[in-house]
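These notebook entries record what I looked up in one structure. I set down each item in the order in which I consulted it.

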Amino acid sequence: MALELVGKLIKVLPEVSGQSQKGPWSKQEFVIETLDASYPKKVCLTAWGDKVADLKQYANGDTLKATFSAESREYNERWYTELRAFRIELAEGDGGSAPAPRSAPAQQPRSAQSSQPAAVSFNSAFDEESNDLPF
């Protein structure tokens with residue numbers, strides 16, 4: 001299950017690394033603030049392995065699109081959720097394609113309106129004498 005989040009990079013936390021049975025590992029957490037005008041949300045994601053190097057090329061204030069997976073695990077009867085980013089890229093690359101879908105739906109209602117019959121006022125439908133209601 002892949003999820004996407006677009007927002008402004010507001011903080012990059014320190015890199016954490018270690019050694020496991022499978023070899024060395026590294027991870028780095030970063031915080032993105034969503035672009036919602038009314039109620040922006042801050043979301044902490046984690047970059048693992050070579051994605052840590054990818055994260056270093058971005059600065060605070062950059063608008064990013066992060067593709068991630070969500071996973072939860074239990075430890076001592078408490079649940080912990082991690083949002084693991086597996087693709088991090090600048091969102092400006094998608095900015096050029098965003099207006100095209102917006103213009104397409106705007107054209108659809110025009111064609112839909114032209115294929116429908118002319119609008120009739122609400123009261124004119126009840127002005128007729130042939131009212132077949134039983135009461």
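The entries below cover the basis of the model, strand pairing, one valine and the salt bridges.

**Entry 1: basis.** I note that this is a predicted model, in which local features need pLDDT of at least 70, side-chain atom pairs count only at pLDDT 80 or more, and totals for chains, interfaces and linings use all residues. Residues are numbered from 1 along each chain as its sequence is written, and side-chain values use heavy atoms, with hydrogens and water left out.

**Entry 2: strands.** I took helices (H or I, at least four residues) and strands (E, at least two) as DSSP runs, numbered from the N terminus. I counted two strands as paired if DSSP finds at least two bridges between them. I began with β2 and β3, which pair in the antiparallel sense over five bridges. These two strands form a hairpin with two residues between them. Within this pairing, V16 stands opposite K27 in β3.

I then followed β3 (residues 23-34) to β4, and found the two antiparallel and joined by seven bridges. Here F30 stands opposite L45 in β4. On turning to β6 (residues 78-90), I found that it runs parallel to β4, with two bridges between them. A47 stands opposite A85 in β6.

**Entry 3: V43.** Where does V43 lie? I located V43 in strand β4 (residues 42-48). I next listed its contacts (heavy atoms within 4.5 Å). Leaving aside residues up to four places away in sequence, V43 touches L5, F30, V31, I32 and L83. I also checked V43 against L9: the two are 34 residues apart in sequence, and their C-alpha atoms are 9.8 Å apart in space.

**Entry 4: salt bridges.** How many salt bridges does the structure hold? I found five, a salt bridge being a side-chain nitrogen of Lys or Arg within 4 Å of a carboxyl oxygen of Asp or Glu. As background, side chains of opposite charge can pair when their charged atoms come close.

I looked up K65 and E4, which form a salt bridge with their closest N and O atoms 3.9 Å apart. K65 lies in strand β5 (residues 63-75) and E4 in strand β1 (residues 3-12), so this pair ties together parts that are 61 residues apart in sequence.

K65 also meets E89 in a salt bridge, at 3.4 Å from N to O. This second pair links distant parts of the chain, with E89 in strand β6 and K65 in strand β5, 24 residues apart. I recorded that E4, K65 and E89 are linked in a network of salt bridges.

For accessibility I used relative accessible area: buried means under 20%, exposed over 50%, and partly exposed in between (1.4 Å probe, protein chains only). K65 counts as buried at 12%, E4 is exposed at 53%, and E89 is partly exposed at 27%.

**Entry 5: K56 and E15.** I looked up one further salt bridge, between K56 and E15, whose closest N and O atoms are 3.1 Å apart. This pair links distant parts of the chain, 41 residues apart: K56 is in the loop between α1 (51-55) and β5, and E15 is in the loop between β1 and β2 (16-20). K56 counts as exposed at 56% relative accessibility, and E15 as partly exposed at 39%.
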